[in-house]
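The structure is shown first.

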Amino acid sequence: AGESRGDKRRRMAAALRHDKIDALVISAPDNLAWLLNIRGRDLAVTPLALGFAILDADETVVLCMHAEKLGAEVRAAFAAEGAGAITVADPPALDEALAGLRGRRVRVDQSTGSEWIVQQLRAAGATVHVGPDPCTLAKACKNPAELAGIRAAHLRDGVALVRLLSWINDTAPGGETEWSVALRAAALRAEGERYRGPSFHTISAVGPNAAHCHYTLREDRARPLEADALLLVDSGAQYLDGTPDVTRT
């Protein structure tokens, strides 16, 4: 990640203090992943662990997330932050955590915060400030380690795609289908380092199917590859260090 979760907590807490905010409700799962340097598999093709968090201006975090999602390595990393730095509680504890913000100035993200969160805070006697979660901008500004990872991931992914194109050149049509092309793309990517799966469901489309906007590929109706027909392959991959998204025809 290029920056420890401790440094991120301190930097974001400093941003809150600068804005005279006492606490931040983190409701965007990608911001939660960025702040705590964690990844999950709650959603298909997206490395997110769903949950909520409250970042206090004193740099502590209450993470409301199902405990079974957090493995021993993650728990040990959290514990290494120091006593009370990161507290893990089950999702229902969010109610109590919000209620504990009575009398404080609380930022709710203007893009992802829900009306329920606002109502709970106001009922508890907190002052609600709807505005930007500072994690959003910080997450968008890539550090040198992240930039290097993105470049490395694209190089590895490029190798897999060149191998795919070579295989198509040598094999197609040869009884292959849209479906088998998608499987081959995934298999070639899986042979590379740090691969964690597709970043979206591969669009592999032949002939008229390639004209469909966001064509949905299904094995039971996959069109066979044909001579003199266009083959569109729109695909992407999740690597630990980057997420390429490419289209080839």
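## A serine in a loop

Ser-199 sits in the loop that joins β7 (195-198) to β8 (203-206); strands are DSSP runs of E with at least two residues, helices are runs of H or I with at least four residues, and both are numbered from the N terminus. The model is predicted, so local features need pLDDT of at least 70 and side-chain atom pairs pLDDT 80 or more, while totals for chains, interfaces and linings use all residues. Residues are numbered from 1 along each chain as its sequence is written, and side-chain values use heavy atoms, without hydrogens and water.

Ser-199 counts as buried because its relative accessibility is 14% (buried is under 20% relative accessible area, exposed over 50%, partly exposed in between, with a 1.4 Å probe and protein chains only). Its side chain reaches the backbone nitrogen of Ala-237 at 3.1 Å. Leaving out residues up to four places away in sequence, Ser-199 touches Val-45, Gly-236, Ala-237, Gln-238, Thr-243 and Pro-244, where contact means heavy atoms within 4.5 Å.

## Helices α7 and α8

Two packed helices are described by the angle between their axes and the distance between the axes. The axes of α7 (residues 144-171) and α8 (residues 178-190) come within 9 Å and cross at roughly 140 degrees. Axes are lines fitted to C-alpha atoms over the stretch in contact, and angles run from 0 to 180 degrees between N-to-C directions. The two helices are therefore oblique to each other (under 35 degrees is roughly parallel, over 145 roughly antiparallel, 65 to 115 roughly perpendicular, the rest oblique).

On the α7 side the contact involves Asp-157, Ala-160, Leu-161, Arg-163, Leu-164, Trp-167 and Ile-168, and on the α8 side Ser-180, Val-181, Arg-184, Ala-185, Leu-188 and Arg-189. By class, these are eight nonpolar, one polar and four charged residues (Ala, Val, Leu, Ile, Met, Phe, Trp, Tyr, Cys and Pro are nonpolar, Asp, Glu, Lys and Arg charged, and the others, Gly among them, polar).

## Helices α1 and α2

Helix α1 (residues 5-18) packs against helix α2 (residues 29-36) at about 115 degrees, with the axes 7 Å apart. Arg-5, Lys-8, Arg-9, Arg-11 and Met-12 of α1 meet Trp-34, Leu-35 and Leu-36 of α2. The contact has four nonpolar, no polar and four charged residues.

## A histidine in α1

His-18 lies in helix α1 and counts as exposed because its relative accessibility is 65%.

Methods:
Polar contact = N/O pair within 3.5 Å; in protein donor to acceptor, adjacent residues only side chain to side chain.
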